[in-house]
Amino acid sequence: MSGASMLLLRSSFFDRLSSISFSGSSAASPFTARRSFSLATRAVMVTCKAIRIHEVGGPEVLKYEDIEVSEPSEGEVRVKNMAIGLNFIDVYFRKGVYKAELPFIPGSEAAGVVTAVGPGVTDRKIGDRVAYAGKPMGSYTEEQILPAVSVVPIPPSVDFATAASIMLKGMTAQFLLRRCFKVQPGHTILVHAAAGGVGSLLCQWGRALGATVIGTVSTEEKAAQAIQDGCHHTILYKSEDFVQRVKEITDGKGVQVVYDSVGKDTFQGSLDCLAYRGYMVLYGQSSGIPDPMPISAIQSKSLFVTRPSMFHYTATREELLATAEEVYENVVSGILTVRVNHKYSLSQAAQAHIDLEGRKTTGSTVLVPESI
Ligand SMILES: NC(=O)c1ccc[n+]([C@@H]2O[C@H](COP(=O)([O-])OP(=O)(O)OC[C@H]3O[C@@H](n4cnc5c(N)ncnc54)[C@H](OP(=O)(O)O)[C@@H]3O)[C@@H](O)[C@H]2O)c1
């Protein structure tokens, strides 16, 4: 599917929604958030529920509160979120590992319906099904304001939960496998946390690209999922020496690339698993930030080390659309099976964080607003 045709995708349901006008009366709206006019500004304010963080800390700092969302300004749209993606980056912000100005609404991924369009926006209309990932943070809410250039259309055959699971994690898998290091047939790749949100997609897509995929996981159940997702070999890295096992599997040659999202606990071992001129792609730090590394650590095998971010690989509108398009193509064609393994109501975000940090989740997790 071309980029142009992707942009034209619309479902008949949303064509019908687009004809609904918003008069300020909630009775006239198909949506449940409360709307009110401010007489001073004549702006329509939407009162809705959101998760807000007033101080960084444990899951208990995720507070379920009323917020007001304004009309979109120039170049913006307002989106009613139907499903919100849960990501490990949300944990980093909640804990203060990554900094944000307090108070803030966490979350960097969601899918929903456009409910208002600001001045100057010509390529989005009320009722469009859209998704976004990355900036601005603030997706743990029933409605949010987004720059129109940040959202992409959702293909009609893709549901909201899938779209909210695939934007951040799927685009991460895309840039990791196709651009950060280009996986080719014949490569052997090592994927840590292979049953996780990003890990599940890396395994499926890596195999489809012709690679031999080795995945590390913490439990037998997660190993079974990783095998279903295309892993040729799984390693229980809590009980097995993963470096030794990789050497056995590759006849001592090592792998061309390691996709390491675990960080502190695996970083050194990951370097040891690499073949000559191998790529160490450290893209996350679920176990903590790795210790500093001397240059001599990469000299002995002429290794490459990168610490990439999806934000830098989807920085322009063109990159964002091309990346999302490739992800959705692979979802629609069946190359990627999106595992939406867990759903929580938005008010239960704290429990979702507890489970994600506690390594209890597999695949993707979405938060669903109570009003849906
Ligand atoms: N650089 C980027 O642009 C980018 C974009 C998206 C995501 N990420 C990173 O990708 C990683 C995966 O994100 P995700 O949202 O898909 O999460 P996830 O993989 O579903 O969950 C994290 C997994 O990491 C493993 N893990 C190992 N040690 C852990 C520890 N001490 N505490 C918690 N988990 C641990 C667990 O799997 P096992 O039980 O199998 O060990 C756990 O299920 C995160 O590190 C995230 O920051 C980076």
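Ala, Val, Leu, Ile, Met, Phe, Trp, Tyr, Cys and Pro count as nonpolar, Asp, Glu, Lys and Arg as charged, and the others, Gly among them, as polar. This is a predicted model, in which local features need pLDDT of at least 70 and side-chain atom pairs count only at pLDDT 80 or more, while totals for chains, interfaces and linings use all residues. Residues are numbered from 1 along each chain as its sequence is written.

**View 1. The shell around the ligand.** The ligand is surrounded by 30 residues, a residue being near if its C-beta atom, placed from the backbone, lies within 6 Å; the closest are Gly196, Gly197, Ser218, Ser261 and Gly284. The shell comprises 12 nonpolar, 13 polar and five charged residues. Helices H3 (88–95), H4 (160–180), H5 (197–208) and H12 (349–357) each supply at least two of its residues, helices being DSSP runs (H or I, at least four residues) numbered from the N terminus.

**View 2. Helices H4 and H11.** The axes of H4 and H11 (residues 317–332) come within 9 Å and cross at roughly 115°, where axes are lines fitted to C-alpha atoms over the stretch in contact and angles run from 0 to 180 degrees between N-to-C directions. The two helices are therefore roughly perpendicular, a term that covers 65 to 115 degrees. Residues of H4 including Thr162, Ile166 and Phe175 meet residues of H11 including Thr323, Ala324 and Val331, contact requiring C-beta atoms, placed from the backbone, within 7 Å.

**View 3. Helices H4 and H5.** Here the axes of H4 and H5 come within 9 Å and cross at roughly 45°. The contact involves, among others, Lys169, Gly170 and Leu177 of H4 and Gly197, Leu201 and Trp205 of H5. By class, this contact of H4 with H5 has seven nonpolar, four polar and one charged residues.

Conventions
Angles under 35 degrees count as roughly parallel, over 145 as roughly antiparallel, 65 to 115 as roughly perpendicular and the rest as oblique. Two residues are in contact if their C-beta atoms, placed from the backbone, lie within 7 Å.
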